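Here is a short walk through one model. Keep the sequence and the 3D view side by side as you read.

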Amino acid sequence: MRRFLALVLLILCLPVPGNAEKLICDASAPVHEISPTLYGLFFEDINHAADGGLYAELTQNRSFEYQDLTAPSAYQHLNGWQFNVHPEGNGKASIETDLPLNENNPTYVRIRADKAGYGFQNLGYGSSAFRGGIVLREGERYDVSVWLRGIDYGGNVTVTLTTKAGEALSDAAVFTPGGAWEKHAAVLTGRSSVQDACLTFVMDAVGEIDVDMASLMPQDRVGADWPGGGLRRDLVEALRELHPRFLRFPGGCIVEGSWVWDNLYRWKDTVGPVEQRKENWNTWGYMQSYGIGFYEYFCLCEELGALPLPVVGSGLLCQAREPYESPMNDEGLASWTQDILDLLEFALGGADSEWGRLRCEMGHEAPFDLKYLAIGNENWADIYFTRYEKIRNAVKAAYPQITCIVACGPVAEGSLFNASRARILRAFPDDTADEHYYMDSDWFLRNTHRYDLYPRSTKIFLGEYAAHEPAAGGRRPNNLYSAMCEAAYLTGIERNSDVVTMCCYAPLLARLGMDQWTPDLIWFSGDQVVRTPNYYVQQMFSESLGDEIIRSELTDDQGAVLRETASGLYHTASRTADGGVIIKLVNVSGTEKTVAVEVQNGDFPGAAAGGMKMLSGQMQDTNALDAERIAPQDMQVTFQDGCADITLPAYCAAVITLP
Ligand code: AHR
């Protein structure tokens, strides 16, 4: 049975005289076109969104590169691993760097077995109740691979999925290491379904071997032929169901780098064969394998039917994390700008160009559909805008068709925001301004008219936003109220979608028990996905996107226009190219409301069947593993000569479609 089982109700609605609220929509009065790219996604590897999340890799720290740039210690290289698993086999594991697989992958582990039967294993993503370890399913097939080198070793290495104690949970594969680095691969089939399996290697002889890049992925994944290895299917489907028009990637803060230049996200580190990608410390507290690198992000965009919107650093480290190393000087900036131009060549260039050729070699001959480039994330002040200008001018000179996106700081209002905005309007009016704000839920209700008076020429990308509820137990909840406030705000965004051309919630994904930020749109465990109320708002608004806003007005029964904040009702109306009408209504008043909806001048004579998707519940309701309290319900609405009474529960978002 489908997870969000739709309750199909038939509501026969006849106009009832004396309704307190009336919504009149004029289908013959277009106001402006709706941006066709309005709703999209922002993906950042925060909360283990990529490694331990969307990336199909089930092992953690597969290449022993794990290292916290802020507090390095040798031990971190063994994070996620357990050695000497089998008591009958004595031996020793040491971290080595002398003869690595390649210079980008400098660390490996040398295992010396003093007795046959020495075992070592990868634990996957943790072992607590939420973290789970490696989720194994009976009958499912898994691709396993590892790079091995025998030093003085004449035996085999057996690989099996096991319990922590070494009890087999799958069939086994046997690898024979040679004297040079070599990749060994096999397919294992699960014999049991467990949440905490380990990938276990056992040496059957005495001697030494070197080990690197131990990988395990379910065969059922998206993008198995991408060089990075592919993505977790259930999470890709959750993204697909949001109908995203664009994907902003790969961050966020991780793009900029924190405190030291070594931490900068360099796209070239993330492409090519996966064992040659140069892992980097993640500012959110863990290592990025880059198994989802720029190539995979572009492929994911194609998979989702979304336009790619990459973000690159602007020549200064994260401004919010002072003190930090000096910004790039002119020389550094020139070379960084070349890196950015190389990225554009990677996406758009032909096989006869250096970086276009790499894209072809990686498996994608056609250029990617790249139209946008964001330069900087949440930056501000002269130190940023002078660097932005240099980079964007170079980009525009080489690729005039690219829309450059300029950061407008990390806040919604105040002097820093005002100065950034003024500077953008003055210096970069043809670029798109990237606004970010995380505000309390009620702020969103008070600010649905934020963009009404913006000049229409300079476009806005609302690149990060979310309604923040007070934290409980250190966590801000994804409750229905926050989702309703976002829905109300989105009615204002749609009404202003001639100037706000794109928007995306943030952050997108969080692994339960491994999060650094709340709230998040989608939560997941090793094998389950939790769609939050906020997720369903995004989905409902995105899947029903009209082509043009039409005039609509909410009045009382005397015809006086009602203010949103007073009535608690928020709305927007649009029409589609084929004559349909879409009405979005949000009730945050705290009481049930019946709104008399009247669609004037539409082609809906007599009784017309409409559809309605409704999200409602208790204010504080949240969704959890195995407890989906809030999910949209599908209903039918019968309009009579364009009129219907719509009853909205106390906290409710409804999308009504008249085809
Ligand atoms: O979305 C989480 C973080 O919030 C992003 O990395 C950053 O851009 C913002 O401050």
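Strands here are DSSP runs of E, at least two residues long, numbered from the N terminus. Two strands pair if DSSP finds at least two bridges between them. This is a predicted model, in which local features need pLDDT of at least 70, side-chain atom pairs count only at pLDDT 80 or more, and totals for chains, interfaces and linings use all residues. Residues are numbered from 1 along each chain as its sequence is written, and side-chain values use heavy atoms, with hydrogens and water left out.

Start with the sheet. Five strands make an open sheet, in the order E5-E6-E14-E9-E12, with antiparallel pairing. Strand E5 (91-96) and strand E12 (182-189) are its edges, each pairing on one side only. From one strand to the next, the twist averages 30 degrees. Axes are lines fitted to C-alpha atoms, and angles run from 0 to 180 degrees between N-to-C directions.

Now look at one pair. Six antiparallel bridges join E5 to strand E6 (residues 108-113). Lys92 has its bridge partner in E6, namely Arg112.

A cavity is a set of points on a 1 Å grid over the protein atoms alone, where a 1.4 Å probe fits but cannot get out. Volume is the space filled by probe spheres set on the points, with points joined across faces, edges and corners. The structure has seven cavities of 30 Å³ or more. The largest cavity holds about 130 Å³. It is lined by 15 residues, and Asp51, Asn61, Tyr125, Met287 and Ser289 are the closest to its centre. Lining residues have an atom within 4 Å of a point. Strand E19 (residues 286-288) gives the most to this lining, three residues.

How values were computed: Helix = DSSP H or I, 4+ residues; strand = E, 2+ residues; numbered from the N terminus. 1 Å grid on protein atoms, 1.4 Å probe; cavity = no way out; pocket = protein on both sides within 12 Å on 5 of 7 lines; lining within 4 Å.
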